[in-house]
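Have it open while you read, and go through the points in order.

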Amino acid sequence: MAAVGEDDAAWERAIDAATKAASAATSGPKTLTLDGAVKSSTGRLPSPALFERFAASLEELSVAGARLSSLEGMPRLPALRRLSLPDNRLSGAAALAAVAGACGATLRHLDLGNNRFAEVEELEPLAKLGVEALDLEQCPVSKVKGYREKVFALIPSLKYLDGADAEGNERLETDDEDYVEEDDEEGEEGEDGEGEEGEDGEGEEGEEDDGEEGDEEDEEVGEGDDDDEEEDEEGDEEAEDEEDEADDDELDADADDKENIESKAGSSLPNKRKRDNDDDTNGDN
(Lines give C-alpha, C1' and ligand atoms only; values in the text may rest on other atoms or scores of the structure.)
Protein backbone atom coordinates (compact mmCIF):
# COMPACT_ATOMS: atom_id res chain seq x y z
CA MET A 1 0.00 0.00 0.00
CA ALA A 2 2.91 2.33 0.72
CA ALA A 3 4.08 1.89 -2.87
CA VAL A 4 0.61 2.80 -4.17
CA GLY A 5 0.62 5.94 -2.04
CA GLU A 6 4.08 6.89 -3.25
CA ASP A 7 3.08 6.30 -6.86
CA ASP A 8 -0.07 8.40 -6.50
CA ALA A 9 1.90 11.25 -4.93
CA ALA A 10 4.36 11.17 -7.81
CA TRP A 11 1.56 10.92 -10.36
CA GLU A 12 -0.24 13.85 -8.74
CA ARG A 13 2.85 16.06 -8.97
CA ALA A 14 3.34 15.06 -12.61
CA ILE A 15 -0.29 15.75 -13.48
CA ASP A 16 -0.24 19.14 -11.74
CA ALA A 17 2.89 20.12 -13.67
CA ALA A 18 1.44 18.91 -16.98
CA THR A 19 -1.86 20.73 -16.51
CA LYS A 20 -0.50 23.95 -15.01
CA ALA A 21 -0.82 25.87 -18.27
CA ALA A 22 -4.43 24.82 -18.61
CA SER A 23 -5.38 25.29 -14.96
CA ALA A 24 -7.26 28.51 -15.75
CA ALA A 25 -9.54 26.76 -18.22
CA THR A 26 -12.92 26.00 -16.69
CA SER A 27 -13.48 22.93 -18.88
CA GLY A 28 -10.08 21.40 -18.13
CA PRO A 29 -7.23 20.39 -20.46
CA LYS A 30 -7.89 18.37 -23.62
CA THR A 31 -4.38 16.91 -23.75
CA LEU A 32 -2.40 15.29 -20.94
CA THR A 33 1.17 14.12 -21.55
CA LEU A 34 2.93 12.17 -18.79
CA ASP A 35 5.66 10.52 -20.84
CA GLY A 36 8.47 9.37 -18.53
CA ALA A 37 7.15 11.54 -15.71
CA VAL A 38 6.83 8.61 -13.31
CA LYS A 39 8.42 5.15 -13.25
CA SER A 40 5.59 3.26 -11.61
CA SER A 41 6.63 0.84 -8.91
CA THR A 42 3.23 -0.89 -9.07
CA GLY A 43 2.93 -1.02 -12.86
CA ARG A 44 -0.40 0.80 -12.75
CA LEU A 45 -1.87 4.08 -13.98
CA PRO A 46 -2.60 6.92 -11.55
CA SER A 47 -5.60 6.55 -9.28
CA PRO A 48 -8.88 7.43 -11.07
CA ALA A 49 -9.43 10.18 -8.50
CA LEU A 50 -6.50 12.13 -9.98
CA PHE A 51 -8.32 12.33 -13.33
CA GLU A 52 -11.69 13.40 -11.96
CA ARG A 53 -11.36 17.15 -12.47
CA PHE A 54 -10.70 16.87 -16.23
CA ALA A 55 -11.84 13.35 -17.16
CA ALA A 56 -14.86 14.65 -19.10
CA SER A 57 -12.80 16.99 -21.32
CA LEU A 58 -9.67 14.92 -21.95
CA GLU A 59 -9.23 13.95 -25.62
CA GLU A 60 -5.56 12.88 -25.68
CA LEU A 61 -3.63 10.93 -23.05
CA SER A 62 -0.01 9.86 -23.39
CA VAL A 63 1.80 7.80 -20.76
CA ALA A 64 4.94 6.44 -22.39
CA GLY A 65 7.83 4.74 -20.60
CA ALA A 66 6.11 4.50 -17.22
CA ARG A 67 6.74 0.76 -16.66
CA LEU A 68 3.02 0.02 -16.86
CA SER A 69 2.12 -3.67 -16.81
CA SER A 70 -1.61 -3.36 -16.16
CA LEU A 71 -4.47 -1.01 -17.04
CA GLU A 72 -6.74 -2.29 -14.31
CA GLY A 73 -8.78 0.50 -12.76
CA MET A 74 -8.29 2.79 -15.75
CA PRO A 75 -10.51 5.87 -15.21
CA ARG A 76 -13.56 6.55 -17.38
CA LEU A 77 -12.57 9.02 -20.12
CA PRO A 78 -15.70 9.59 -22.25
CA ALA A 79 -14.13 12.11 -24.67
CA LEU A 80 -10.77 10.38 -25.22
CA ARG A 81 -9.87 9.91 -28.90
CA ARG A 82 -6.13 9.23 -28.71
CA LEU A 83 -4.38 6.96 -26.21
CA SER A 84 -0.61 6.52 -26.36
CA LEU A 85 0.98 3.86 -24.12
CA PRO A 86 4.23 2.92 -25.88
CA ASP A 87 7.42 1.65 -24.23
CA ASN A 88 5.66 -0.09 -21.37
CA ARG A 89 5.18 -3.75 -20.28
CA LEU A 90 1.55 -4.25 -21.28
CA SER A 91 0.19 -7.56 -22.55
CA GLY A 92 -2.95 -9.70 -22.62
CA ALA A 93 -6.59 -9.12 -23.50
CA ALA A 94 -7.38 -7.81 -20.00
CA ALA A 95 -5.36 -4.64 -20.60
CA LEU A 96 -7.25 -3.91 -23.82
CA ALA A 97 -10.58 -4.77 -22.18
CA ALA A 98 -9.81 -2.00 -19.66
CA VAL A 99 -9.21 0.39 -22.60
CA ALA A 100 -12.51 -0.61 -24.18
CA GLY A 101 -14.36 0.02 -20.93
CA ALA A 102 -12.74 3.39 -20.26
CA CYS A 103 -12.92 5.05 -23.68
CA GLY A 104 -14.03 2.50 -26.26
CA ALA A 105 -16.91 4.57 -27.63
CA THR A 106 -14.70 7.49 -28.72
CA LEU A 107 -11.20 6.01 -29.14
CA ARG A 108 -9.78 6.35 -32.68
CA HIS A 109 -5.98 6.19 -32.25
CA LEU A 110 -4.21 3.64 -30.04
CA ASP A 111 -0.42 3.41 -29.73
CA LEU A 112 0.83 0.25 -28.05
CA GLY A 113 4.25 0.14 -29.67
CA ASN A 114 7.10 -1.64 -27.88
CA ASN A 115 4.89 -3.51 -25.43
CA ARG A 116 4.56 -7.29 -24.86
CA PHE A 117 1.49 -8.29 -26.91
CA ALA A 118 2.44 -11.59 -28.54
CA GLU A 119 -0.74 -13.04 -30.08
CA VAL A 120 -3.37 -11.58 -32.42
CA GLU A 121 -6.09 -13.03 -30.16
CA GLU A 122 -5.05 -10.65 -27.40
CA LEU A 123 -6.41 -7.82 -29.53
CA GLU A 124 -9.96 -9.21 -29.49
CA PRO A 125 -11.36 -6.46 -27.16
CA LEU A 126 -10.61 -3.92 -29.93
CA ALA A 127 -12.71 -5.76 -32.52
CA LYS A 128 -15.97 -3.92 -31.78
CA LEU A 129 -14.45 -0.50 -31.20
CA GLY A 130 -14.03 2.28 -33.76
CA VAL A 131 -10.24 2.31 -33.68
CA GLU A 132 -8.87 3.64 -36.98
CA ALA A 133 -5.11 3.69 -36.27
CA LEU A 134 -3.29 1.05 -34.23
CA ASP A 135 0.45 0.88 -33.54
CA LEU A 136 2.00 -2.42 -32.45
CA GLU A 137 5.51 -1.92 -33.77
CA GLN A 138 8.26 -3.69 -31.81
CA CYS A 139 5.67 -5.90 -30.15
CA PRO A 140 6.19 -9.70 -30.52
CA VAL A 141 2.81 -9.98 -32.27
CA SER A 142 4.13 -7.98 -35.22
CA LYS A 143 6.33 -10.99 -36.10
CA VAL A 144 3.45 -13.45 -36.31
CA LYS A 145 2.92 -14.90 -39.79
CA GLY A 146 0.09 -13.10 -41.58
CA TYR A 147 0.02 -10.53 -38.78
CA ARG A 148 -1.21 -7.59 -40.84
CA GLU A 149 -3.94 -9.51 -42.67
CA LYS A 150 -5.19 -11.02 -39.40
CA VAL A 151 -5.31 -7.71 -37.53
CA PHE A 152 -7.15 -5.92 -40.37
CA ALA A 153 -9.62 -8.82 -40.50
CA LEU A 154 -10.14 -8.71 -36.71
CA ILE A 155 -10.78 -4.93 -36.49
CA PRO A 156 -13.13 -3.81 -39.33
CA SER A 157 -12.81 -0.08 -38.50
CA LEU A 158 -9.01 -0.16 -38.78
CA LYS A 159 -7.51 2.03 -41.52
CA TYR A 160 -3.85 2.08 -40.52
CA LEU A 161 -1.68 -0.50 -38.77
CA ASP A 162 1.85 0.52 -37.81
CA GLY A 163 1.59 3.61 -40.01
CA ALA A 164 0.33 1.97 -43.21
CA ASP A 165 -3.01 0.91 -44.67
CA ALA A 166 -3.97 -2.63 -45.74
CA GLU A 167 -2.26 -2.15 -49.13
CA GLY A 168 0.96 -0.95 -47.49
CA ASN A 169 0.52 2.74 -48.29
CA GLU A 170 2.04 4.90 -45.60
CA ARG A 171 -0.24 7.08 -43.55
CA LEU A 172 -0.05 10.82 -44.23
CA GLU A 173 0.69 13.08 -41.29
CA THR A 174 -2.58 14.94 -41.88
CA ASP A 175 -4.52 11.69 -41.47
CA ASP A 176 -3.10 11.40 -37.97
CA GLU A 177 -5.01 14.54 -36.95
CA ASP A 178 -8.26 13.99 -38.82
CA TYR A 179 -10.50 14.25 -35.80
CA VAL A 180 -8.90 17.53 -34.69
CA GLU A 181 -9.23 19.01 -38.19
CA GLU A 182 -12.86 17.93 -38.41
CA ASP A 183 -13.68 19.70 -35.15
CA ASP A 184 -11.83 22.83 -36.31
CA GLU A 185 -13.58 22.76 -39.69
CA GLU A 186 -16.99 22.54 -38.02
CA GLY A 187 -16.18 25.57 -35.89
CA GLU A 188 -14.82 27.46 -38.91
CA GLU A 189 -17.89 26.62 -40.98
CA GLY A 190 -20.12 28.12 -38.32
CA GLU A 191 -18.01 31.29 -38.19
CA ASP A 192 -17.66 31.47 -41.98
CA GLY A 193 -21.42 31.04 -42.41
CA GLU A 194 -22.09 33.97 -40.13
CA GLY A 195 -19.29 36.00 -41.72
CA GLU A 196 -20.46 35.26 -45.25
CA GLU A 197 -24.01 36.21 -44.40
CA GLY A 198 -22.84 39.47 -42.90
CA GLU A 199 -20.49 40.19 -45.79
CA ASP A 200 -23.10 39.29 -48.38
CA GLY A 201 -25.67 41.46 -46.66
CA GLU A 202 -23.26 44.36 -46.47
CA GLY A 203 -22.18 43.76 -50.04
CA GLU A 204 -25.74 43.78 -51.35
CA GLU A 205 -26.56 46.89 -49.36
CA GLY A 206 -23.38 48.52 -50.62
CA GLU A 207 -24.24 47.63 -54.21
CA GLU A 208 -27.75 48.98 -53.79
CA ASP A 209 -26.39 52.18 -52.27
CA ASP A 210 -23.85 52.52 -55.07
CA GLY A 211 -26.62 51.93 -57.62
CA GLU A 212 -28.85 54.54 -56.05
CA GLU A 213 -26.00 57.03 -55.83
CA GLY A 214 -25.13 56.32 -59.45
CA ASP A 215 -28.74 56.88 -60.52
CA GLU A 216 -28.85 60.14 -58.58
CA GLU A 217 -25.62 61.26 -60.20
CA ASP A 218 -26.99 60.35 -63.64
CA GLU A 219 -30.15 62.32 -62.90
CA GLU A 220 -28.06 65.29 -61.79
CA VAL A 221 -25.97 65.03 -64.96
CA GLY A 222 -29.18 64.84 -67.00
CA GLU A 223 -30.54 67.90 -65.27
CA GLY A 224 -27.25 69.67 -65.92
CA ASP A 225 -27.51 68.81 -69.62
CA ASP A 226 -31.08 70.15 -69.69
CA ASP A 227 -29.90 73.35 -68.04
CA ASP A 228 -27.11 73.67 -70.60
CA GLU A 229 -29.58 73.17 -73.43
CA GLU A 230 -31.89 75.81 -71.97
CA GLU A 231 -28.94 78.20 -71.59
CA ASP A 232 -27.92 77.52 -75.21
CA GLU A 233 -31.47 78.21 -76.40
CA GLU A 234 -31.60 81.41 -74.38
CA GLY A 235 -28.23 82.40 -75.81
CA ASP A 236 -29.45 81.74 -79.35
CA GLU A 237 -32.57 83.82 -78.74
CA GLU A 238 -30.50 86.68 -77.31
CA ALA A 239 -28.17 86.52 -80.32
CA GLU A 240 -31.16 86.64 -82.69
CA ASP A 241 -32.60 89.63 -80.78
CA GLU A 242 -29.26 91.38 -81.00
CA GLU A 243 -29.10 90.72 -84.76
CA ASP A 244 -32.62 92.08 -85.19
CA GLU A 245 -31.73 95.18 -83.21
CA ALA A 246 -28.59 95.63 -85.32
CA ASP A 247 -30.67 95.37 -88.52
CA ASP A 248 -33.14 97.94 -87.17
CA ASP A 249 -30.27 100.26 -86.29
CA GLU A 250 -28.89 99.92 -89.80
CA LEU A 251 -32.31 100.73 -91.31
CA ASP A 252 -32.63 103.76 -89.04
CA ALA A 253 -29.16 104.89 -90.01
CA ASP A 254 -29.97 104.57 -93.72
CA ALA A 255 -33.16 106.56 -93.24
CA ASP A 256 -31.27 109.30 -91.39
CA ASP A 257 -28.64 109.45 -94.13
CA LYS A 258 -31.32 109.76 -96.77
CA GLU A 259 -33.02 112.58 -94.89
CA ASN A 260 -29.71 114.39 -94.51
CA ILE A 261 -29.00 114.08 -98.21
CA GLU A 262 -32.45 115.36 -99.12
CA SER A 263 -32.22 118.25 -96.70
CA LYS A 264 -28.83 119.19 -98.10
CA ALA A 265 -30.17 118.97 -101.61
CA GLY A 266 -33.15 121.10 -100.63
CA SER A 267 -31.01 123.72 -98.99
CA SER A 268 -28.66 123.99 -101.97
CA LEU A 269 -31.49 124.85 -104.45
CA PRO A 270 -32.32 128.25 -102.95
CA ASN A 271 -28.64 129.12 -102.90
CA LYS A 272 -28.37 128.23 -106.60
CA ARG A 273 -31.42 130.31 -107.41
CA LYS A 274 -29.94 133.18 -105.44
CA ARG A 275 -26.69 132.94 -107.35
CA ASP A 276 -28.61 132.88 -110.62
CA ASN A 277 -30.60 135.94 -109.59
CA ASP A 278 -27.44 137.71 -108.59
CA ASP A 279 -25.89 136.89 -111.95
CA ASP A 280 -28.98 138.20 -113.77
CA THR A 281 -28.85 141.42 -111.79
CA ASN A 282 -25.22 141.95 -112.51
CA GLY A 283 -25.88 141.38 -116.20
CA ASP A 284 -28.57 144.00 -116.29
CA ASN A 285 -26.28 146.51 -114.75
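1. Let's start with H3. The buried residues of this helix are Tyr147, Val151, Phe152 and Leu154, where buried means under 20% relative accessible area, exposed over 50% and partly exposed in between (1.4 Å probe, protein chains only). They cover an arc of only 160° around the axis, so they sit on the same side of H3; the arc is that of the directions from the helix axis to the C-beta atoms. Over on the other side of H3, Glu149 and Ala153 are exposed. The buried residues pack against strand E5 (133-135) and strand E6 (160-161). Helices (H or I, at least four residues) and strands (E, at least two) are DSSP runs, numbered from the N terminus.

2. Before going further, a word on the source: this is a predicted model, in which local features need pLDDT of at least 70 and side-chain atom pairs count only at pLDDT 80 or more, while totals for chains, interfaces and linings use all residues. Residues are numbered from 1 along each chain as its sequence is written, and side-chain values use heavy atoms, with hydrogens and water left out.

3. Now for H2, residues 93-103. Its buried residues are Ala95, Leu96, Ala98, Val99, Ala102 and Cys103. Looking down the axis of H2, you'll find them within an arc of 150°, so they line one face of the helix. Ala94 and Gly101, on the other side of H2, are exposed. Strand E3 (82-84) and strand E4 (109-111) are included in what covers the buried residues.

4. Which residues touch the most other members of the largest nonpolar core? They are Leu61, Val63, Leu83, Leu134, Leu136 and Val151, out of 51 residues in that core. A nonpolar core here is a set of buried Ala, Val, Leu, Ile, Met, Phe, Trp, Tyr and Cys residues joined through side-chain atoms within 4.5 Å. Helix H1 (2-19), H2 and helix H3 (147-154) each supply at least two residues of this core, and H2 gives the most, with six residues. In soluble globular proteins, nonpolar side chains tend to be buried together.

5. Leaving aside neighbours within four places in sequence, Val63 is in contact (heavy atoms within 4.5 Å) with Trp11, Leu34, Asp35, Leu45, Leu68, Ser84, Leu85, Pro86 and Asn88.

6. Next, the loop between strand E2 (60-62) and E3, where you'll find Gly65. Is Gly65 buried or exposed? Gly65 is buried, with a relative accessible area of 17%. Leaving aside neighbours within four places in sequence, the contacts of Gly65 are Gly36, Val38, Lys39, Pro86, Asp87 and Asn88. The C-alpha atoms of Gly65 and Arg89 are separated by 8.9 Å, with the two residues 24 residues apart along the chain.

7. Two backbone angles to check. Most residues other than glycine have a negative phi. Arg67, in the loop between E2 and E3, has a positive phi of about 60° and counts as partly exposed at 41% relative accessibility. Gln138, in the loop between E5 and H3, has a positive phi of about 65° and is exposed, with a relative accessible area of 62%.

8. Last one: Thr106, in the loop between H2 and E4. This residue is buried, with a relative accessible area of 18%. Leaving aside neighbours within four places in sequence, Thr106 is in contact with Leu77, Pro78, Ala79, Leu80 and Arg81.
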